[in-house]
Amino acid sequence: MRYVTSGESHGPQLTAIIEGLPAQMELLAEDINQELARRQGGYGRGRRMQIETDTVEIKSGVRHGKTTGAPVTLVVENDDFKHWEKVMGAGPLEEDDAKSVERKRISRPRPGHADLNGALKYGHRDMRDVLERSSARETTVRVAVGAVAKKFLAHLGIDVAGQVLEIGGVKAEETSYSSIKDLQARTEASDVRCLDETAEEKMKEAIDDAKAEGDSIGGVVQAVVEGVPIGLGSHVHYDRKLDANISRAVMSINAFKGVEIGIGFEAASLPGSQVHDEIAYDEENGYYRKSNNLGGFEGGMTNGMPVVVQGVMKPIPTLYKPLQSVDVETKEAFNASIERSDSCAVPAASVVAEHVVAWEIAAEISRTFESDRMDVLQKSVQAHHERVRNDE
Ligand SMILES: Cc1cc2nc3c(=O)[nH]c(=O)nc-3n(C[C@H](O)[C@H](O)[C@H](O)COP(=O)(O)O)c2cc1C
Ligand SMILES: C=C(O[C@@H]1CC(C(=O)O)=C[C@@H](OP(=O)(O)O)[C@H]1O)C(=O)O
């Protein structure tokens, strides 16, 4: 399975085309819309999220609520486009629109954003041409694609959830949950998608303080996947090591600067006896691990324990109290441009992380098993579980 996304932040729409989904898979716009709503929420977002009500239209590949096996096209319209038509039109620049375009011109690149590198690489004089595509608005359709992947995984008894572990240096002390359903319900009830209510209040204060200072803050998010078959990925091919592919996917989320699987960086300072997860066996469950420090992976393959991934998000680059930059027209020192912006998007990013991880796991399942039809895929995955459980 593969997908491509297109669309600009203030253009008419965002689009994704997914190729290779099994036929006969139930899929409704509502399945996707509830995930889009989750991504829009979270404390610390800017005014844009009040303009948009992200809803998907399924334009191809689904008929009467079931996939046909054909490419699936997903479209999310940008409600904000109505305010940007003059600036974002695809036709030749009309004289009447020149003033509007000039007002939105960006010539003072924001440190930490894609503005300067994108302009130098693609030869744009107006860095709006960079901003429009580098904006994390694109994560809307990546979540839509991930929601389809989640639906795919749900058909196979695999669940995905996530939580926020840290914002602006405030760490959640309480991060444990009794089941993935419990994790989903409790993060849904939190403004910052965090299980620790005391930390949540401090995180919100940190966001308020950053906003008042014209500053921004980042944090750490975690995605968890349960019910994954043993042996997804491969120790044989470097490019099928699934922990590596998941890391790439998480790192590709805008503003992510680090990824960990399981205890990750903590493994550097611990002896092997405290890191590696002891192997056990019982007839009912087959092989399992007594702990899950390695986050469900050994040798680039899943070991049947929950997949646990953390991602580090840096603070948002656009600052209302801007950093120093250079005007690309005059080469003189100036403060960076100020665009309407979030002060913290860590809770939203945790939803994005869940979805990009869900996609990587679904895509690897589709590579591993016969997947033209969902019913056949379900039987193959079931047979695989049984084979592995019985050590055949
Ligand atoms: C959900 C989400 C919302 C974001 N909102 C903003 C924002 O409002 N302003 C901003 O400057 N950056 C925002 N970012 C981060 C930028 O998109 C990102 O820093 C930029 O694309 C440069 O890429 P890089 O940070 O990965 O190098 C957001 C990121 C995410 C995941
Ligand atoms: C639009 C979204 O996030 C945007 C991501 C973003 C950026 O630079 O990444 C900048 C802001 O865009 P705008 O200037 O239009 O408010 C955010 O709102 C979204 O998440 O849907």
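Author: What follows takes the sheet, then the helices across the sheet, then the ligands.
This is a predicted model: local features need pLDDT of at least 70, side-chain atom pairs count only at pLDDT 80 or more, and totals for chains, interfaces and linings use all residues. Residues are numbered from 1 along each chain as its sequence is written, while chains are lettered from A and ligands numbered from 1 in the order in which they are written.

Reader: What makes β1 and β2 a pair?
Author: Strands are DSSP runs of E, at least two residues, numbered from the N terminus. Two of them pair if DSSP finds at least two bridges between them. β1 and β2 (residues 13-19) have five bridges, in the antiparallel sense, so they pair under that rule. Thr5 has Ala16 in β2 as its bridge partner.

Reader: Why are β1 and β3 called edge strands?
Author: The open sheet has the order β1-β2-β6-β3. β1 (2-6) and β3 (56-60) each pair on one side only.

Reader: Which strands does α7 lie across?
Author: α7 (residues 139-154), a helix (a DSSP run of H or I, at least four residues), lies across β1, β2, β3 and β6. Contact means C-beta atoms, placed from the backbone, within 7 Å.

Reader: What makes five residues around ligand 2 charged?
Author: Asp, Glu, Lys and Arg count as charged, Ala, Val, Leu, Ile, Met, Phe, Trp, Tyr, Cys and Pro as nonpolar, and the others, Gly among them, as polar. The shell includes Arg48, Arg137, Glu339, Arg340 and Asp342, so these five count as charged.

Note on methods. A residue is near a molecule or strand if its C-beta atom, placed from the backbone, lies within 6 Å of it. Two residues are in contact if their C-beta atoms, placed from the backbone, lie within 7 Å. Axes are lines fitted to C-alpha atoms, for helices over the stretch in contact, and angles run from 0 to 180 degrees between N-to-C directions.
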